Amino acid sequence: LTCNVETVVLQEYRARGGWLGVHCETGAPAAIFALLCWELLFAPVADAFRSRFQDAPLDLCSEDGEFAAARQVALDARLE
């Protein structure tokens, strides 16, 4: 039997108020982002893709905001 904090919290919310939840880490938010921003993810940005086997642009997880900076105009339009 394994027990983690996520399971305990879900059980507590269910017991106290009938709330139902799902422990999915970042799976759901990442999937929603990918669906809403598919064109931005796969936009023809220089050096974002170096291999046809990549599943994401190289700048997606950069800490200095390269992904947003390289797609600023399209990103602003998408968020309006």
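**Close-up 1. The end of helix 1.** Glycine 18 follows helix 1 and has a positive phi, near 75 degrees. Helices here are DSSP runs of H or I with at least four residues, strands are E runs of at least two, and both are numbered from the N terminus. Helix 1 holds 13 residues. From first C-alpha to last, helix 1 reaches 18 Å, close to the 18 Å expected at 1.5 Å a residue. That expected span is 1.5 Å times one less than the number of residues. The model is predicted: local features need pLDDT of at least 70, side-chain atom pairs count only at pLDDT 80 or more, and totals for chains, interfaces and linings use all residues. Residues are numbered from 1 along each chain as its sequence is written, and side-chain values use heavy atoms, without hydrogens or water.

Close-up 2. Arginine 16 and glutamate 12 join their side chains in a salt bridge, at 2.3 Å from N to O. The term means a side-chain nitrogen of Lys or Arg within 4 Å of a carboxyl oxygen of Asp or Glu. The two residues are 4 apart in helix 1 (residues 5-17), so about one helical turn separates arginine 16 from glutamate 12. Arginine 16 is exposed, at 70% relative accessible area. Glutamate 12 is partly exposed, at 37%. Buried means under 20% relative accessible area, exposed means over 50%, and partly exposed lies in between (1.4 Å probe, protein chains only). The whole structure has 3 salt bridges.

Close-up 3. Glutamate 39 pairs with arginine 78, with the closest N and O atoms 3.1 Å apart. This pair links distant parts of the chain. Glutamate 39 sits in helix 3 (residues 38-41), arginine 78 in helix 5 (residues 72-79), and 39 residues separate them. Arginine 78 has a relative accessible area of 37% and is partly exposed.

**Close-up 4. A buried salt bridge between two loops.** Arginine 71 and aspartate 59 form a salt bridge, the closest N and O atoms lying 2.8 Å apart. Arginine 71 is in the loop between helix 4 (66-70) and helix 5, and aspartate 59 is in the loop between helix 3 and helix 4, so the pair ties together parts that are 12 residues apart in sequence. Both arginine 71 and aspartate 59 are buried.

**Close-up 5. A nonpolar surface patch.** Val5, Val9, Tyr13 and Trp19 make up the patch, with about 470 Å² of accessible area together. Areas come from the Shrake-Rupley method with a 1.4 Å probe; for residues, only the protein chains shown count as cover. Patch residues have over 30% relative accessible area and no salt bridge; like charges are joined within 9 Å, nonpolar side chains (Val, Leu, Ile, Met, Phe, Trp, Tyr) within 5 Å. Valine 9 belongs to helix 1. Valine 9 is partly exposed, at 37% relative accessible area.

**Close-up 6. An aromatic cluster.** Ring pairs connect Trp38, Phe42 and Phe49 into a cluster. Rings of Phe, Tyr and Trp (its six-membered ring) pair if their centres lie within 6.5 Å; planes under 30 degrees apart are stacked, over 60 edge-to-face, and the rest tilted. The count comes to 3 aromatic pairs. Tryptophan 38 and phenylalanine 42 have ring centres 4.7 Å apart and planes at 45 degrees, so the pair is tilted. Phenylalanine 42 and phenylalanine 49 have ring centres 5.6 Å apart and planes at 20 degrees, so this pair is stacked. Phenylalanine 42 is partly exposed, at 35% relative accessibility. Phenylalanine 49 is also partly exposed, at 29%.

Close-up 7. Most residues other than glycine have a negative phi. Glutamate 25 is not a glycine, yet its phi is positive, about 50 degrees. Glutamate 25 lies in the loop between helix 1 and helix 2 (27-36). Its relative accessible area is 59%, and glutamate 25 is exposed. Aspartate 47, also not a glycine, has a positive phi of about 65 degrees. Aspartate 47 is placed in the loop between helix 3 and helix 4. At 55% relative accessibility, aspartate 47 is exposed.

**Close-up 8. Contacts of leucine 58.** Leucine 58 lies in the loop between helix 3 and helix 4. Leaving aside residues up to four places away in sequence, leucine 58 touches Asp47, Ala48 and Arg50. Contact means heavy atoms within 4.5 Å. Leucine 58 and aspartate 47 are 11 residues apart in sequence, and their C-alpha atoms are 7.6 Å apart in space.
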